[in-house]
Structures are given as C-alpha cells and as structure tokens.
There are 4 protein chains.
Amino acid sequence: MIGLEDIMTLDDLDFSIETLSKCRIPSPMTGVPFVSQKDHVLYHSNFRDIQPFLDARREPPHFEMAGPREKIYFDPSKLKCGIVTCGGLCPGQNDVIRGIVMSLFYHYGVKTVFGYRFGYEGLSYKYGHTPLELDPDVVDDIHKWGGTILGSSRGPQDVSEMVDTLERMNVGLLFTIGGDGTLKGAQAIAGEIARRGVNIGVVGIPKTIDNDISFVGKSFGFETAVSESRTAIYGAHTEALGARNGVGLVKLMGRCSGFIAAYASLANNDVNFCLVPEVPFSLEAFLEALQKRLDARGHAVIVVGEGAGQDLMKRPLEKDASGNIKLGDVGIFLKGQIKSYFDKIGGEVNLKYIDPSYIIRSVPANPSDSAFCLVLGHDAVHAGMTGRTNMLVGHWNYQFTHVPIPLAVSKRKQIDPHSRLWSNVLSSTGQPKDLQ
Amino acid sequence: MIGLEDIMTLDDLDFSIETLSKCRIPSPMTGVPFVSQKDHVLYHSNFRDIQPFLDARREPPHFEMAGPREKIYFDPSKLKCGIVTCGGLCPGQNDVIRGIVMSLFYHYGVKTVFGYRFGYEGLSYKYGHTPLELDPDVVDDIHKWGGTILGSSRGPQDVSEMVDTLERMNVGLLFTIGGDGTLKGAQAIAGEIARRGVNIGVVGIPKTIDNDISFVGKSFGFETAVSESRTAIYGAHTEALGARNGVGLVKLMGRCSGFIAAYASLANNDVNFCLVPEVPFSLEAFLEALQKRLDARGHAVIVVGEGAGQDLMKRPLEKDASGNIKLGDVGIFLKGQIKSYFDKIGGEVNLKYIDPSYIIRSVPANPSDSAFCLVLGHDAVHAGMTGRTNMLVGHWNYQFTHVPIPLAVSKRKQIDPHSRLWSNVLSSTGQPKDLQ
Amino acid sequence: MIGLEDIMTLDDLDFSIETLSKCRIPSPMTGVPFVSQKDHVLYHSNFRDIQPFLDARREPPHFEMAGPREKIYFDPSKLKCGIVTCGGLCPGQNDVIRGIVMSLFYHYGVKTVFGYRFGYEGLSYKYGHTPLELDPDVVDDIHKWGGTILGSSRGPQDVSEMVDTLERMNVGLLFTIGGDGTLKGAQAIAGEIARRGVNIGVVGIPKTIDNDISFVGKSFGFETAVSESRTAIYGAHTEALGARNGVGLVKLMGRCSGFIAAYASLANNDVNFCLVPEVPFSLEAFLEALQKRLDARGHAVIVVGEGAGQDLMKRPLEKDASGNIKLGDVGIFLKGQIKSYFDKIGGEVNLKYIDPSYIIRSVPANPSDSAFCLVLGHDAVHAGMTGRTNMLVGHWNYQFTHVPIPLAVSKRKQIDPHSRLWSNVLSSTGQPKDLQ
Amino acid sequence: MIGLEDIMTLDDLDFSIETLSKCRIPSPMTGVPFVSQKDHVLYHSNFRDIQPFLDARREPPHFEMAGPREKIYFDPSKLKCGIVTCGGLCPGQNDVIRGIVMSLFYHYGVKTVFGYRFGYEGLSYKYGHTPLELDPDVVDDIHKWGGTILGSSRGPQDVSEMVDTLERMNVGLLFTIGGDGTLKGAQAIAGEIARRGVNIGVVGIPKTIDNDISFVGKSFGFETAVSESRTAIYGAHTEALGARNGVGLVKLMGRCSGFIAAYASLANNDVNFCLVPEVPFSLEAFLEALQKRLDARGHAVIVVGEGAGQDLMKRPLEKDASGNIKLGDVGIFLKGQIKSYFDKIGGEVNLKYIDPSYIIRSVPANPSDSAFCLVLGHDAVHAGMTGRTNMLVGHWNYQFTHVPIPLAVSKRKQIDPHSRLWSNVLSSTGQPKDLQ
C-alpha cells in the first residue's frame with residue numbers, strides 16, 4: 001500500500017525517471033516559462049508539519065509541479081491521442097476535453113485526437129461505438145455546455161481489449177477523465193501497456209464532484225456544484241420561513257465525503273444543521289437539537305450529504321455497475337423520522353424536502369471552474385507529452401501538480417472532523433458539536 | 001352555478017352597483033388617467049366568437065377594467081387595512097404585498113396596514129399570532145425575496161372568528177392573496193360581513209402557480225415557475241445525452257392543470273414528451289412511443305405534470321389540510337414503469353429522474369412577474385378603495401380586470417386539448433397526438 | 001398611407017385573397033386543429049372602443065389569426081426556402097431560425113433551407129457570402145445561444161440583385177427576420193417579385209428589441225432585454241445606497257420608444273425617475289425633482305431610454321448605415337448636467353453611471369421568449385406555406401396574427417403618455433407627472 | 001521599508017508579542033480545535049524556494065495562522081466593537097460585516113457592535129452620521145445583498161478625531177474593511193492609539209476587487225467580479241460573431257493590477273487578446289496582431305484592464321479623493337484607435353464596446369465568496385479578541401493568515417509577466433507574447 005511518505009520519493013517512481021531521460025525533443029512552445037525538474041509543490045503548508053523534516057535534515061514531502069517542459073518525449077507530428085470520459089457527469093468535463101484538444105493542436109501541433117464514446121465502452125470492441133475526431137472547430141464552443149460531448153458509462157471493460165484498440169489505432173497518449181474507478185481502470189491499462197512494453201502514456205484527470213480524491217486539493221466541477229446548491233438551499237430557507245415550525249431539508253451529493261454539504265453550508269449561512277458521512281450522529285440527538293432550534297427560532301434548514309446516516313437505516317447491501325454501494329435515501333429517511341418524532345411529541349412541523357439531484361452536476365462549469373479546467377487540460381497535455389504515465393494532474397496549494405495514480409487511489413479523501421473546515425462549519429451553523 | 005354568461009351582467013352583481021353609488025370621495029390621486037365605468041375588457045379576442053352577439057345585437061361578454069377611479073368609497077384618513085397570504089408559496093407574493101402597501105400609503109394616504117401572519121390562522125384567536133404593522137420602510141426590499149414575509153398556512157378557519165377580528169381591529173378592507181381555497185374563504189368572509197351588515201371590503205388576489213383559476217388569463221408567479229424549470233430540463237437533457245439510451249425525466253408542478261409542463265415544453269424545446277393531467281395516456285402507448293424515440297435518436301426528455309397519469313396508479317384516496325386530494329408521485333411511478341418495460345423487452349435505458357419540487361416556487365419573481373405583481377397590487381387597492389368586495393383582480397387580454405370571486409371559483413381552468421396551446425406543444429415536442 | 005382602418009379590410013389586400021383561392025394542396029400536418037378563415041383577432045380589447053362599430057353595424061377591426069391551414073399553396077417536396085437576419089442583435093433570433101427550420105422540415109417535409117449570411121448582403125452578389133444549408137441537426141442547439149448563427153448587417157442592398165439570387169437558387173419562400181428597415185426591404189423585394197410575376201413569397205418576422213413596430217403588441221426578445229436590465233438597475237441602486245447622496249444612472253436601449261425603460265422601471269421598483277423619448281422633460285424641472293428626492297431620501301435611481309432628451313443636447317445630425325439618426329449619448333450628458341448642477345448649488349452628489357449597452361441584447365432568449373419565438377417561427381412557416389406574402393407574423397391580445405408589412409411600417413409604435421402603461425410607471429416611480 | 005523578510009520575524013512585531021502574554025482569559029468557544037502559536041502558514045509553496053532556507057538551517061518565511069485561540073485578551077462582557085467600510089463597493093462586504101457580528105455575538109458574547117456610516121466619515125465629528133447598532137437580527141439577511149449596509153466614502157479623515165470617537169464611545173476593537181488607503185488609515189489610527197497608550201485594537205479586512213494587496217493571495221469579492229465579467233464577454237463574443245470582421249471589446253476593472261482581466265480571459269476562453277497594466281504594449285504591434293487575427297478568423301474578442309495602456313494616452317495627471325490617479329478611459333481610446341487603423345488601411349471592422357463598469361462590483365457575493373467572507377469575518381474576530389492590532393486577516397495557500405498592515409501596504413501586488421498565471425493567459429488566448 002502506497003501512502004503519504006511515497007510522495008517524498010516520487011522521483012523514484014517509474015513514471016517519471018524512465019521517461020525523463022528520454023525527453024530529447026525540444027518543445028515547440030515558445031515564449032513560455034518552462035517548469036524545471038526543481039519545481040516541486042510542498043505537501044504541507046503549515047510550518048509546524050514541516051519542522052520535523054527540517055530537524056531531521058530530510059526533504060519535506062512534495063509533488064512534481066505541472067506545466068510545460070523544455071524537452072518532450074513524443075514527436076507531435078506523429079502522435080495520435082485519445083480522450084475518454086467515464087462515470088457520472090461533472091461540470092467542466094467539456095472544458096477539460098476542449099483544453100486538451102486546444103493544447104495538443106495549438107501548443108504542440110498534434111493533429112489527430114480521438115474522442116472515445118461512452119466511457120471505457122468506447123475502447124472495447126463489442127459496443128461498436130465510433131470515436132469522434134476532435135479538433136479546434138469541433139470543440140470550439142463545447143465548454144459552454146454541461147455534460148460531456150463524448151458520453152459516458154460506468155464500470156470496467158476488458159483491459160486487454162482496450163489496449164488492443166489503442167495499439168490498433170496507433171494511439172500514443174490516452175487521457176482518462178474520471179473518478180476513482182476510472183483511475184483504477186487507467187492504472188490497469190498502464191499496467192497492461194507496461195507488460196506489453198509498448199510506448200503508450202496514460203494520463204488521468206481526476207473527476208469527482210464529491211472532491212474525494214486523495215492528494216488532490218480541489219477537483220474540477222466541485223465549486224460549480226457547491227454554487228448550484230444555492231438555489232435549493234435558498235428554497236429550503238424560504239419554505240421554512242413561510243410556515244409555522246417550517247423545516248427545509250436539502251439532500252446534496254456526497255457518497256462518502258461530505259465536502260459539498262460542508263462548503264454549501266458555509267456558502268449559504270442559513271443552514272442550521274449540516275450532516276455528513278464522516279461525522280456520525282444519532283437520531284435522538286439530532287431530533288432533540290432540531291426541536292430545540294424550532295422552539296427557539298420557529299424554523300430550521302438542514303443540509304444532508306447523501307452518504308450520511310447510512311448506519312441508521314437498516315438496509316440490504318446492493319452495488320451499482322461501478323461497484324459503488326447503493327445508498328439508502330437519507331433525505332426520505334430523515335423526512336419520515338422528523339415527521340414521526342414531532343407527531344409523537346405532539347408538536348407541529350411543516351417539512352419541505354428538496355433533492356436537487358442531477359441538477360447540480362449537469363450545469364456548465366462556472367467561470368472559476370472554467371479557468372481551472374482550461375489550465376488542467378493544458379497541464380495534462382504537458383505531462384503526457386513528456387512521456388509521463390500512470391499519473392494524474394492534481395491541484396495543491398494553488399499549484400497544479402503531478403500525482404502517481406496508485407497514490408491517488410490508495411484511499412478516499414474525507415472531511416477530518418478535527419479540521420478547521422469542520423470547525424468552521426460548526427461555528428457557522430451553530431449546530432452542537434456532538435450529535436451522538 | 002355561475003358560468004360564463006354571468007360576466008356579461010357583472011354590473012348587476014351586488015359588489016359593484018351597491019357601492020358605486022356610494023363613491024362620493026374624490027380620489028387623492030392626481031395626474032393619472034382614471035378608469036371610467038365605460039372601460040370594459042372583452043372576454044373574447046377571436047372575432048368569430050363575438051359575431052353571434054353582434055348578430056343578436058347583444059353586448060358581448062366583458063369584464064370591468066381595473067385601475068384607479070375618480071371617486072372612492074373609503075375615507076383614506078380613517079381606513080385600516082389587512083393583508084393575508086394563504087396556501088403554498090408562489091413567486092411574487094412579496095411583490096404583491098409591497099404593491100398593496102405602497103399604493104395604500106403613497107396613492108391614498110392610508111397609514112395602517114396589518115399583515116396577518118400564517119394565512120387565515122392570523123385572523124383567528126386561537127393561534128395567538130401578532131400581525132405585523134406594514135409600511136413603506138418595512139416592505140421596501142421584500143420584493144427581492146421569494147416566499148411571503150407574512151408566512152402562510154393551509155386550510156380554513158372559523159369564519160365568524162375571522163370577521164370578529166376584522167371588526168375588533170376596525171379593519172375596513174382585507175386583501176387575501178391565495179388560490180382556490182383562499183378565494184372560497186374570502187367569499188365566506190364576504191358573506192358573513194354581508195350578513196352582519198358591516199362595511200368591510202374583501203378583495204382577492206389570485207395566487208396559483210398552476211395558473212388554474214378560471215377567468216384569469218395569467219396569474220402571478222406562473223411565468224417565473226416556468227422559467228425556473230429550465231435548469232431542471234437542461235439537466236435532464238444533458239444527462240440523457242451523456243449516456244447510451246439516456247432518458248431524462250422531469251416532474252413539474254400542476255395538480256389538475258398542466259400549464260407549467262406545457263409552457264416549459266415550449267420554452268425548452270429539448271422536450272420530447274409532455275404529459276399533463278388534461279390529456280390521458282396509456283402506459284402501453286407511451287412506452288412504445290418512448291422506445292421508438294430511443295431507437296431513432298438514442299435519448300429522450302420527458303416532462304410530466306404532477307397530476308398526470310393519476311388514473312394509472314391504483315391508490316387509496318387521501319386529502320391534505322386544504323382539502324386537496326393527495327396525488328401519487330407520477331415521477332417515481334413512471335421511472336419504475338420505464339425501467340421494467342425496458343428490462344422486459346431486453347433493452348437498455350439510463351434514466352435520470354429530476355424533481356425540482358419547491359425550488360421553482362420559492363424563488364423571487366422574475367422581472368416580468370415583478371412588473372405584473374406591482375400593478376396587480378396597485379389595482380387591488382384601487383378596487384378596494386371604491387368599495388368593491390367579494391371580487392378579485394384578474395388579467396385578461398393584457399388588461400387588469402375585476403372578476404367576481406363566485407365566478408372565478410366556479411370551476412378550474414385547464415388546458416383544452418383542442419386549443420392552439422396544446423397544438424403548439426404537440427408540434428414542438430413531436431410526440432404522437434394520441435398516446436392512448 | 002395605410003392606417004388603422006385598413007386592418008378592417010385585410011381580406012381585400014392582395015396578399016391574402018389572391019393566394020387563398022390557389023391553396024389546393026392538403027397540409028401534410030395531421031392531428032392539429034387548423035385555423036379557419038373565420039378566425040380573426042380583434043384589434044380592440046376595450047368594449048368601449050368596439051361599441052361604435054356595434055352601433056353602426058360595422059365589423060370591428062381585426063387581424064387574420066396565424067396558425068396552420070388545412071390547404072397550402074406550395075408543394076413542400078419541391079419548395080426551397082431562405083432565411084435572412086438583418087440589423088442589430090436581439091435575443092431569440094436563433095430560436096426563430098430554429099423554429100422555422102424545424103417546422104419546414106418536420107411539419108411540411110421541406111428539405112432545402114438556405115441561411116443567407118450577414119443580412120441582405122448574403123442575397124447580393126458582390127459580397128461572395130456562401131449561404132449555410134440549414135437542417136434540424138445544424139439548428140438543434142442554436143436556440144441556447146445569443147446572436148444569430150447567420151450573422152447580420154445593416155443597410156439595404158440592390159433589390160433586383162436580391163431577387164435575382166432568389167430566382168437563381170430557385171427559392172420559393174424567403175423569411176426575413178429584422179426591424180423597420182428590414183421590413184421595408186422585404187416590402188421592396190415583394191414588390192420586385194410582383195413586378196416580375198414570379199411565385200416567391202416573402203414573410204417577415206418583426207425583430208425589434210425596442211418593441212416599436214406598430215400593430216405588433218409584443219416583439220420577441222423584448223422581455224429578455226427588460227429582464228437583463230435587472231442587473232444594471234440592481235447595481236445602480238446598490239451604488240446609490242452605498243454613498244451619501246448616491247445617484248445611480250442607467251441608460252437602456254430605446255431609440256424612439258421607451259418601452260424597455262418603462263417596463264424595466266416597473267420590473268425593478270427601485271427606480272425613482274424613468275425618462276423616455278416620448279415624454280419630453282426640461283433639465284431644470286428634472287434636476288430640481290432629483291434634488292428634492294435626494295434631500296428627502298439620500299439616494300436616487302434614474303433610468304433613461306437612449307432616445308430621451310435628444311432635444312436638450314445641441315448636436316449636428318448624423319445617420320448610420322440603416323439610415324437611423326445617430327443619437328447623442330444622453331447618459332453621459334445627464335451625468336455631466338447632474339454633476340454641474342450640484343456643484344453649482346454647492347450640494348454633494350455621488351453619481352455612478354452604468355451603460356449595459358450590448359449586454360442586454362446579446363444574451364440568449366429567456367424561457368418566455370424561447371416559447372414565444374418557437375411558435376412565431378412555426379406560424380411564419382404556416383403563413384408562408386399558404387402563399388401569403390408581403391406580410392409578417394405579429395402578436396396581439398395573446399394571439400399570433402398576420403399583419404400586412406405596409407401597415408406595420410406605416411408608423412412607429414411609441415408609449416402613449418396618456419396610457420395605463422405610463423400611468424403605471426408614474427405611480428410606481430413616484431416621479432412628478434410633469435417634468436417640463 | 002518593510003519587505004518579505006519581515007514576515008519571517010512576525011513574532012518580533014509589537015502586534016503579537018505584547019498582547020499574547022496578556023491573553024489570560026479563556027475563550028468562551030467550546031468544541032473547536034484552537035489554533036496554537038505553532039501553527040504558521042509557509043510563504044513559499046515551491047520546494048525550490050524553500051531549499052536555501054533548509055540549506056542555511058534558517059526558518060523559511062511564514063505567516064501566523066488565523067483562527068480561534070484558547071486564551072483571549074478582551075473581556076467579551078465588557079467589550080464594545082466598531083465596524084467601518086471604506087472605498088469602492090466590493091461583493092461580499094455585507095458577508096464580512098455579518099460574519100464579524102455573528103462571531104462577536106455568538107462565539108464570544110459581545111453585545112455591542114457599532115456600524116459606523118459612510119467610511120471614516122462615520123468616525124469623524126463633523127459629518128454627524130449616527131452609527132447603526134448591529135446585532136444578529138439586523139445582519140441576518142444582509143449577505144444576500146451587494147454593497148454595504150454601512151455605506152462608504154473615499155479619502156482620509158482626521159486621525160485624532162477618529163480615535164477620540166473610539167475613546168468616547170468606549171470602543172475596544174475596530175474592524176476596518178477596505179483597500180490600500182483604508183489600511184493606511186487603519187495603520188495611522190493604530191499609531192495614534194499606541195501614542196495615547198490606550199487599549200484599542202485595529203484589525204483590517206483587505207477589500208480590493210483588483211486583488212492587488214501584497215501578501216494576500218486572494219481577496220474577497222475578486223472571484224465574484226471575475227464571474228460577473230462572463231456576461232459582458234459573452235456579449236462581446238456574440239456581437240463579434242454577428243458581424244463581418246466583428247470585434248468585441250470589453251473593459252474590466254484593474255487600476256494597476258490586471259488580475260480580473262487575466263482570470264476573466266482564462267474563465268472565458270473566447271478572449272483573443274488580454275491587455276493588462278503590468279504588460280506594456282505598443283499600438284502598432286497590437287493593431288497588426290488584431291488585423292492578422294481578423295484576416296484569419298473574421299472576428300476577435302479583446303479584454304482590457306482599465307489601467308492598461310495609460311502610457312499610450314497623453315493626458316494631464318488628476319487624482320480622486322482617495323489620492324488615486326484618475327485613469328484615462330482605455331476602452332474608449334482603443335475603440336477609437338482600432339477604428340482609425342482599419343479606416344486607414346481600408347479594412348472594415350464592426351466594433352462593439354462593452355464597459356460593464358459598476359455592474360461587476362455591486363452584485364452579491366457568489367457562493368464561493370460567501371463562504372470565504374464568512375470565515376474571514378470570524379477569523380478577524382478571533383484575531384481581534386486576542387488583542388492583535390495593526391494587522392489584517394489574509395489568505396495564503398488555502399489558509400487564513402495574520403499579516404502586519406505595514407507589510408501589506410508596503411507595495412502593490414501585480415501580475416508577474418514571468419509567472420505561470422501570465423503564461424497560462426498567453427497559452428489560452430493565443431495572443432503574441434510580445435506586443436511591443
């Protein structure tokens with residue numbers, strides 16, 4: 001198992017060293033400051049965390065910095081590339097596709113880019129999907145649309161078949177835009193490529209609306225998703241104010257990680273309770289706190305991440321095509337529990353439940369995410385052109401970074417209940433620290 | 001039962017004649033063109049419908065035109081008014097409240113306006129709600145908020161108690177903002193007032209997000225609700241395009257009348273099927289048409305009004321506090337039926353269900369509705385100041401009108417399947433005319 | 001000169017009678033209620049205006065109702081059509097183009113539709129623009145964009161050349177989307193066609209963001225433009241509140257007709273002064289009223305239509321390519337006048353000037369306009385297929401109508417200072433009725 | 001002059017040491033993780049920059065981390081606080097005011113918070129402004145509005161008078177929300193307080209829509225301003241596409257620092273030229289590049305920061321009340337230059353100029369800024385309660401920090417033309433690196 005300490009020794013991982021020595025082609029880019037091998041982004045930003053390394057005279061952990069390099073590995077005039085988008089929709093997918101195509105075409109002069117349809121299905125024989133041929137004209141306006149022009153699908157495909165497709169179509173560089181499962185797929189593809197000893201790079205762009213990929217500070221589309229939750233929370237607050245003992249309940253995405261719910265609670269300070277998967281609560285404590293709030297103020301707004309409170313519902317275990325556990329609907333569950341509780345104690349409650357569901361993930365990227373996705377797409381190309389493989393482009397301390405895929409998929413990023421983030425959520429909602 | 005022919009004889013109804021002769025106080029408004037007793041808005045706009053009246057030398061049916069009158073009934077310096085909002089939220093409620101307060105204060109010099117809390121509850125003893133005192137400072141910015149600053153509730157209260165409250169607080173004019181049930185309540189209050197022989201006017205402002213009140217061409221908030229559905233339908237379309245055989249299903253409000261669904265389908269021409277309560281369909285015909293669409297185009301978007309297809313679900317009858325029948329969830333029902341159908345025929349379908357629910361009714365009024373509500377509020381005051389009672393302010397052929405409440409509540413407005421509106425929906429979606 | 005009375009005798013105008021008798025082909029549309037020759041939309045909606053006609057036993061004035069007819073003139077299998085967009089941008093142009101293409105293709109089976117580039121230039125030889133070939137795939141998503149995919153230009157082109165192009169390309173039906181100048185161009189083209197005795201129809205779709213075309217109650221894009229002004233007025237109000245004696249001044253479009261300014265003032269009730277071209281004012285009266293407002297409330301918001309107050313600026317006369325008089329910048333002018341006035345009287349004023357300019361016309365249509373444009377495009381096709389020519393599709397009393405172009409261009413529609421609209425603006429802003 | 005090296009020795013600055021030893025009151029906050037004196041945010045995030053410090057065995061530069069401390073200096077039960085907002089409007093001002101009031105009230109139990117009106121004027125005798133009394137009810141909804149409920153003004157006031165006011169009103173802690181000039185004012189106030197030897201803290205919250213305050217990575221409202229530019233750039237692009245040789249020109253805020261223009265160009269990748277104050281250009285080079293672009297693609301979009309190209313306009317020097325140099329209008333200037341250039345070469349150009357001006361700064365904070373402002377307000381209170389003074393709350397590497405005001409005002413933050421940011425802008429617009 002790969003852990004935090006491994007990012008200290010990034011340079012020893014195959015993906016960089018092996019190819020770096022082979023980067024002999026001068027980059028066709030001109031007039032840009034190239035990133036050198038000395039540019040690394042520190043993992044820690046708190047001096048306290050770095051002190052032990054200083055004391056021990058050891059290098060503190062750091063990531064390679066992303067960006068254009070002076071020498072590249074692939075000959076752009078001969079290179080063919082592929083792009084694939086997998087998993088659920090996420091704002092900014094089209095921006096990333098566009099950023100990749102524009103950079104390949106204008107920065108490097110790569111002319112052939114295949115857009116594989118419907119996720120990893122598009123790399124498999126049996127579905128018969130024909131790839132789109134992507135160029136600047138095709139992608140010119142796609143960043144103004146939600147979703148992905150390539151389509152998507154869930155679940156793995158036969159790795160050997162997929163590498164066959166890449167070899168057959170003479171693809172030297174594959175960009176995979178997707179989440180945890182997609183990255184594991186990319187890792188498997190890179191492994192099969194290594195076994196075959198062919199020269200194909202695989203570069204991941206982490207897509208997770210839940211912002212739950214480790215060693216990636218911020219993933220694209222997350223901020224847009226948080227922004228979009230504003231309408232739902234506004235509605236919940238308005239409904240709560242519009243009735244005696246009004247309660248507005250909003251369910252937001254977040255299977256294992258409650259970042260959307262947490263940031264949405266900070267961004268919309270009408271929220272009185274924020275429930276996330278990482279911080280367990282008991283029904284008793286929560287319902288009593290809600291009753292107390294209603295007694296004091298006459299209305300309440302609750303935001304719940306979809307993965308929260310799963311332990312409270314007794315349900316059989318089911319999985320979807322991506323292998324994700326099918327969650328119980330905590331929104332419907334809480335709605336029922338709140339109603340029965342107030343029925344039981346003879347109180348009144350006017351509860352309105354809002355589940356914006358796919359609305360918050362199918363919108364176009366907001367301006368901030370658009371800028372983010374553009375540079376992300378460019379940096380994925382810069383990384384790929386140097387022959388880096390089995391890695392993804394992340395973002396850390398305001399810098400774009402290179403992260404080995406095995407590291408990123410080693411565990412899931414979650415809210416630390418002892419972090420400043422959660423502390424800020426508690427300070428902002430005013431909810432009791434402990435709802436157990 | 002009161003019907004269409006009654007609006008021809010509006011002038012014979014008690015509400016106007018009786019008080020008109022008593023309007024002896026000159027309006028304090030200056031510099032505005034007053035509406036005269038000769039201004040009436042024609043009911044028909046198609047010459048064909050008016051021809052028979054011409055032939056018979058009879059007056060064609062028409063409404064009183066709303067607006068300020070030269071002479072008024074109430075002495076503004078002594079008048080106290082009340083406002084109450086009932087039923088579900090609707091965009092523009094605060095705009096109407098503000099329009100009423102501003103007009104009472106600035107146009108007529110009325111200084112005392114009570115805002116009764118939480119619907120008809122606020123007029124009843126037993127809830128102990130204290131009314132807000134409304135003036136221009138209090139309402140200055142409220143039109144920028146969704147919901148109602150007064151709060152709302154469902155269901156009737158004791159009529160006698162409510163009239164007691166009005167008498168006790170010396171209120172001469174009550175404005176009720178609400179839907180069918182609220183208008184029936186207003187009618188009952190006006191009846192009790194008549195029985196007691198006191199001088200209190202009751203003026204209704206029809207609030208129905210479903211746009212389903214008869215003899216009212218357009219009700220406030222409706223256009224905002226249609227506008228807000230754009231995000232949900234955009235999401236459904238994006239999701240449908242993002243997967244093989246993608247289906248986006250959106251449920252919109254519309255208990256008995258599918259106007260929101262119909263206009264949303266015209267306003268978002270990605271919709272392929274629009275299902276409304278007024279046009280029955282069979283599951284077989286609908287599912288086959290859906291399959292045909294998927295075979296031809298690979299994706300589909302369906303919009304369903306919440307009251308559609310109720311006959312297809314076998315459910316016991318339940319009612320809410322307003323006496324409305326509790327509807328089955330046609331969205332969840334269709335989602336299940338579509339999935340089983342494609343399972344059965346061995347086809348694939350990737351269905352994403354979006355229910356924006358309260359989101360579309362809790363937003364602030366859009367600019368068009370804001371302008372509409374402002375004039376509506378003013379015209380309600382103009383009507384009330386002349387002593388008109390048991391009537392509401394409607395809108396017909398781009399003009400604001402006076403409509404007797406008994407006429408407006410006599411039946412529910414619905415989409416006529418033979419109308420140009422429904423014909424336009426069919427032409428726009430391309431769905432089969434007959435899904436039975 | 002053609003005037004109001006002519007619409008009473010619409011049926012005598014060449015454009016309808018001549019072709020109606022020639023409509024022998026059954027419409028391929030099925031399952032829609034056809035409009036009959038008896039369906040006419042009344043010009044008046046106030047009973048008072050119609051009374052004299054009744055008394056005189058004359059038909060009151062009315063328009064033909066738009067919509068699909070049972071019999072058509074052109075054989076869809078042989079028909080080629082053209083579309084051209086002229087003049088300034090307006091929200092909804094792409095919606096109308098799309099509505100026309102979809103209706104031609106799906107309702108009638110017309111397969112060839114040329115999209116002429118850059119206005120009437122595209123119909124002229126000398127520019128060498130190649131027309132786009134339009135079909136459902138090309139126009140599928142264009143309604144989500146502002147502007148026009150065809151491009152536009154100002155000014156007339158040689159009429160004979162343009163008809164040559166139509167003849168050479170075998171176009172039987174031309175749709176012109178544009179304003180006053182464009183409609184006059186369409187009239188000239190129709191005249192030349194008549195002179196040549198060829199069978200080509202010319203159908204106009206009135207495009208005027210200022211809503212200033214006569215006998216057209218509401219033109220597409222107008223409501224969107226009014227909506228978009230909300231951000232600018234919000235900003236002006238916020239800036240005005242944020243400083244001592246803060247004044248927010250917003251200039252909105254409206255060359256000769258102040259409808260945008262008037263409706264924007266109703267839709268954003270923070271406006272304290274609305275100045276429009278139709279209602280002259282003197283600087284003295286306006287500045288004194290402004291000072292009075294500032295003394296009383298400490299801030300003020302002013303909305304001015306671009307054509308207002310032109311008489312107050314002494315400027316030489318210039319014209320643009322469309323022959324429109326170049327207006328002086330009344331916003332900059334007022335800004336200067338207000339500053340000097342307060343300087344002179346020793347008062348303080350913090351004025352912030354906002355000119356949203358092209359922002360409000362380059363946005364996509366809002367949902368309400370989208371629905372409007374869709375049906376408008378369909379109805380233009382329905383009219384054209386019956387052989388109607390030299391006419392446009394208008395909207396009156398909530399119905400789509402046929403209007404002879406000579407009638408529509410006979411004069412410009414303006415705000416009547418004695419109308420309920422202007423009265424409502426005065427009541428809402430609270431500004432003095434007379435600023436002269 | 002204070003420079004970068006000073007932040008290494010933060011602890012030696014009076015503001016921290018002196019008071020830290022006096023923090024003897026336990027914080028009333030419970031259940032939050034307190035920030036310790038060991039938590040410091042590293043100034044550098046690139047390992048390369050930190051290497052020399054490691055080699056020299058010196059501490060790398062760092063900021064104090066912001067957040068609640070275990071021990072505080074002021075006794076909340078006795079403390080009165082003041083808030084003042086100065087300079088131009090900025091999205092999020094009300095969020096920050098609200099965050100401060102909520103934290104003082106709910107986290108610490110401080111009951112008296114004065115909101116001084118209209119900037120430093122409110123602290124001066126001669127204007128006679130009465131401060132607002134702020135509490136949770138007053139500020140509950142203000143974060144949903146643009147601007148500042150306190151009002152603002154430009155320019156300094158007599159320092160002695162302002163400290164008199166604080167002493168007279170027994171204010172122990174003053175929060176100043178403003179830019180460079182405001183911070184210098186805060187520094188002067190803190191200096192006078194020190195001279196008088198009284199116990200009053202002054203905590204700054206940097207407000208700069210231009211994001212140009214040194215040692216502050218991101219200032220509130222900046223992201224909202226960038227977001228709001230989308231509508232203007234969309235309009236410019238739409239207009240450019242809608243005409244032959246169409247050029248859309250947008251002027252954005254940015255007096256000395258072009259961050260808004262740069263990020264807006266990344267966020268809206270239709271921009272072809274981004275001109276900022278930090279990167280000089282010659283008219284010749286720019287106009288030739290524009291001509292080349294038009295020849296190749298037929299349209300172009302230009303974004304210019306308001307401070308760009310000032311050297312190209314020959315103008316006399318003027319200053320505003322804040323002492324800022326009055327800039328020439330580079331938008332109008334470029335518009336003229338572009339037109340004459342194409343006139344001269346006999347080319348055609350259809351230029352549309354859009355200046356969104358105050359629109360982008362008067363809107364409410366977007367969700368991301370709302371979350372940012374909330375925590376910023378809380379952290380300003382946490383800092384103030386510990387007795388820190390003459391400092392501001394900044395943001396660096398995703399952490400909130402403490403920055404001495406003298407350091408922050410020592411120079412202005414600008415775009416480094418050799419940075420990755422500018423390199424990304426060049427890569428994204430495709431404009432020539434060198435326009436001189």
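In chain D of this predicted model, E64(D) stands opposite H402(D) in strand β15(D). That pair is a way into the strands of chain D.

**Strands in chain D**

- Strand β3 of chain D covers residues 62-65, and strand β2 of chain D covers residues 40-42.
- β2(D) and β3(D) run antiparallel, joined by three bridges.
- L42(D) has H62(D) as its bridge partner in β3(D).
- β3(D) is also joined to β15(D), which spans residues 399-404.
- Two bridges link β3(D) and β15(D), and these strands run antiparallel.
- In a regular strand, side chains alternate between the two faces of the sheet.

**Where chain C touches chain B**

- Chain C puts 50 residues into this contact, and chain B puts in 50 residues.
- Several elements of chain C each supply at least two residues to its side of the contact, among them the strands β2 (40-42) and β3 (62-65).
- Which element of chain C gives the most to the side that touches chain B? It is α12(C), with seven residues.
- The residues on this side of chain C divide into 24 polar, 19 nonpolar and seven charged.

**Chains that do not touch**

- Chain A and chain C make no contact, and their nearest C-alpha atoms are 10 Å apart.
- Chain B and chain D are not joined by any contact either.
- The closest C-alpha atoms of chain B and chain D lie 10 Å apart.

Methods
Residues numbered from 1 in each chain as written. Chains lettered and ligands numbered in written order. Predicted model: local features only at pLDDT ≥ 70, side-chain atom pairs only at ≥ 80, totals over all residues. Pairing = 2+ DSSP bridges. Helix = DSSP H or I, 4+ residues; strand = E, 2+ residues; numbered from the N terminus. Contact = placed C-beta atoms within 7 Å. Nonpolar A, V, L, I, M, F, W, Y, C, P; charged D, E, K, R; others polar.
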